[in-house]
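Good morning, and thank you for making time for this presentation. I would ask you to keep the structure on screen while I speak.

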Amino acid sequence: MKKSRVGFLFILPWVLGFVIFTVFPIIAALYIAMTDWSIIGRASFVGLQNFRDIFADPAFYKALTVTGRYAILAIPLTIITALLVALSVNNDYKGIGIFRTVFYMPSIVSGVAVAVVFKWILDPTYGVLNSILRLFGVQGPDWLYDPAWVLPSYLIMAVWGASGGLYTYLAALKDIPKELYEVATIDGAGWAQKIRYITLPLLTPILFYNLVMGLISAFRKFTDAYILGGAGEEGVFYMVYLYRQAFSFYKMGYATALAWILFVIILVLTLIVNYTKKYWVYSERK
Amino acid sequence: MKRKLSKGFGALVLLAVILFVAGCTGAKQEKSTYTFATWAAGEELKEFSVIIDKVNREANGQYRVEVLSIPSDYYVKLATYIAAKKTPDFFWLTQELISKYAELGAIADITEMFKESQVLTPAQYYPGVLRSATYQGRYYGLPWIANPLIVYYNKDLFDAAGVPYPPAAGGWTWDEFIETAKALTRTVRDKNGNPYQQYGYIVDGWPNIETFIWAGGGDIIADNGVDVLLDSQATLQGLGILQKILKAGITPPYREVGSLGSNNVWFEKQRVAMFMGGIQDNFEVKVSRLPKEEQFRIGYAPMPVGLDGKAHAFNWTASTVLSSKLAKSKKAYDVMEKITLEFFKWKIASPLAGEVDRILEIAPMKAPALATIQICLNNARSANYVPEWNEINHLLWLKLYNAMLNDPDFDYESEVKAIAAEARRLIANRK
């Protein structure tokens, strides 16, 4: 048997898996998005009607606004938080591993558990947050019960779980040659200058990676939003809206069309971020 | 040689015919193993399985029922089973979804078999309970539970405030109910002398909005399942009753309710004096397990009388339904009927009229409530569920009820008109 054929045979299980579990569902989803299908009954082809209905639905724009607003604020907040945490634990003091573990722990807790814990933390009457504020004589807000405070509530949760990217930043920080800092010290650079002119530029590839991942994750926010909700429509994130269309209202065709729109939104935003890469991301190939 | 060949060919044809006939006969043979999907889990599943085992034993091998337990994401998984053409033969379905599943052809129209049954007929049910299993005047399920609302109240808190008990036989109006709740809303002190607010009543999205809409004599959808009554004067009056309750300060602020876990805990912890709960709620058992000094006496009253002169008791019901693929199987229907009859001995309360005494066998502690429970069962009411119910109900919660809870001065009239318009659009698009 030819060597190339043996190679193909070896990758065949993966190719089959890819075709059956990825390519076929994508094609099926494209078809379902153009049908009136309730999961339970028969699907009937309706062309682009689902997309027309979506763009005429105020609830779609509301969900998109809630999610977009969250993404705009949560992505930079989580990136900055994770970066600051990484910088603060990027040394070899005794016992630093404990701190790294503690900071990383929130990212391994299940989304459901986080939501349940935050339900109590954000409780307006007996919640931890408002109890602490009361110690300083501040009457805390109603958090998830007040439309104006729903977004800040989710941002607090996002910041709490921001250290998911901690180890990627730490790995990148360890990769920066120490000689660069030594040279900078000899040249009289201070801490801030080293960060500004050495650390941040060399971290831009990992910042770029976390920006793209954050973008995807923010637009796909579901678990805590589904469990906690929020006053009025302020807690109806895009994925929650999509889920309800599919499994509460039995409009699977409509929900699949929503999924395609989300895919296009994320794709376009990622392409835009990718386009800006040449202006701010450091590359050794330059 | 030719003859031999022709004989052999003839034998083959004969064999093929025999196999074909046998195959056809086999296809016509009735199913003898059925699957029953349930959301029951834990202790409830054990009790459910005992019932199924009993039915299987009594079947004497004529059929067998297997349990399919779906304890989480029940409706998502059920829909997936149906999409995969593996619909369970029997399954539990909540009242809100009967019309949807009927419209989509997933469940069988059992009207004829139900009416002609010698064992269980529509006439035996409480009408308000049975209504939940209908769509366009046809029957699609056998309700196996009735759980209408009843007013539980704390006799000790009434005595402490010097407020007379509500009438056990009913007849009190919503205005009287609100006045009673006002008298019970006061600052009291705990055993350590610390002051805290005691409320007369609790609303936090429960009871559901139908309770108040019906209190005004209104409704969400008309009996014909098409007309939307949300913006009718009577419905607005009902929502006015809800607003009056929220503005009167007789219920804990919405943002505070979650602090004790859930609304019923407020009643159990004696923070509210009256609670509208299903007759199935087991406050009696819970209170009996509390430390002696935390126990209290429970009283019962029917729902207040609305502006239409009726004491509507919202009723939650689930039905056993039959897969549409067995729509013509009398045998399958009989099996479903037999199992449903067993459920009546299991749950509070049996949805059949005249069986209220069965409650004492299941929950003896409900004895003092029996007469009031009977009134609530007679007044049990289901909404006019339509296939678009979930969407309409979602709008009602998100844009109306939730908004009213967060802001007692909320302009519900304008919002309800917008929701009514959307409900009309949804119903007009029905296939």
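Let me begin with a term: two residues are said to be in contact if their C-beta atoms, placed from the backbone, lie within 7 Å. Please also bear in mind that what you see is a predicted model.

With that term in hand, consider helix α4 of chain B. Eight of its nine residues are buried, and α4(B) is therefore described as mostly covered, a residue being buried if 20 or more other C-beta atoms lie within 10 Å of its own. The buried residues are Q95(B), L97(B), I98(B), S99(B), K100(B), Y101(B), A102(B) and E103(B). What covers them includes the strands β3, β4 (134-135), β12 (313-316) and β13, together with helix α17, of chain B. Just after α4(B), G105(B) adopts a positive phi of about 75°.

Two of the covering strands lead us to the sheet. In chain B, five strands form an open sheet in the order β2-β1-β3-β13-β6, with mixed pairing. Which strands stand at the edges? They are β2 (64-69) and β6 (142-143) of chain B; each has a single partner strand, so one side of each is left without a neighbour in the sheet.

Strand β3(B) shows both senses of pairing. Towards β1 (residues 33-38) of chain B, β3 (residues 90-94) of chain B runs parallel, and two bridges join them. Here F36(B) stands opposite F90(B), and A37(B) has F91(B) as its bridge partner. Towards β13(B), the pairing of β3(B) is antiparallel and extends over five bridges; in that pair, W92(B) has T320(B) as its bridge partner. Four of the five residues of β3(B) are buried, so the strand is largely enclosed by the rest of the structure.

Across this sheet lies helix α14 (residues 330-344) of chain B, which covers β1, β2, β3, β6 and β13 (318-322) of chain B. The helix runs at about 160° to β13(B).

A further strand pair of chain B involves β7 (residues 147-154), which runs antiparallel to β11(B) and is joined to it by four bridges. Within this pair, V151(B) stands opposite A301(B). Are the residues on the two faces of β11 (residues 298-301) of chain B buried or exposed? On one side I298(B) and Y300(B), and on the other G299(B) and A301(B), are all buried, and both faces of the strand are covered. This may be set beside a general rule: in a regular strand the side chains alternate between the two faces of the sheet.

I419(B) lies in helix α18 (residues 412-428) of chain B. Why does I419(B) count as buried? It has 20 other C-beta atoms within 10 Å, and the criterion for a buried residue is 20 or more. Leaving aside neighbours within four places in sequence, I419(B) is in contact with L230(B), L395(B), L396(B), K399(B) and L400(B). By contrast, P351(B) is 68 residues from I419(B) along the chain, and their C-alpha atoms are separated by 33 Å.

Helices α12 (residues 238-248) and α13 (residues 252-280) of chain A pack at an angle of about 155°, with their axes 7 Å apart. That makes α12(A) roughly antiparallel to α13(A), and the crossing is left-handed. From α12(A), Y238(A), L242(A), Q245(A) and A246(A) meet M252(A), Y254(A), A255(A), L258(A), A259(A) and L262(A) of α13(A). By class, that contact has nine nonpolar residues, one polar and no charged. Elsewhere in α13(A) lies L269(A), which counts as partly exposed, with 18 C-beta neighbours inside 10 Å.

Finally, I come to the interface between the chains. How many residues of chain B are in contact with chain A? There are 22, and they touch 18 residues of chain A. On the chain B side, the elements that give two or more residues are α3 (74-83), α4 (95-103), α11 (254-257) and α17 (389-406). The largest share, seven residues, comes from α17(B). By class, the chain B side divides into eleven nonpolar, seven polar and four charged residues.

Technical notes:
Residues are numbered from 1 along each chain as its sequence is written. Chains are lettered from A and ligands numbered from 1 in the order in which they are written. This is a predicted model: local features need pLDDT of at least 70, side-chain atom pairs count only at pLDDT 80 or more; totals for chains, interfaces and linings use all residues. Two strands pair if DSSP finds at least two bridges between them. Axes are lines fitted to C-alpha atoms, for helices over the stretch in contact, and angles run from 0 to 180 degrees between N-to-C directions. Angles under 35 degrees count as roughly parallel, over 145 as roughly antiparallel, 65 to 115 as roughly perpendicular and the rest as oblique. A crossing is left-handed if the near helix is turned anticlockwise from the far one by less than a right angle, and right-handed if clockwise. Ala, Val, Leu, Ile, Met, Phe, Trp, Tyr, Cys and Pro count as nonpolar, Asp, Glu, Lys and Arg as charged, and the others, Gly among them, as polar. A residue is buried if 20 or more other C-beta atoms lie within 10 Å of its own, exposed if 12 or fewer, and partly exposed in between; C-beta atoms are placed from the backbone.
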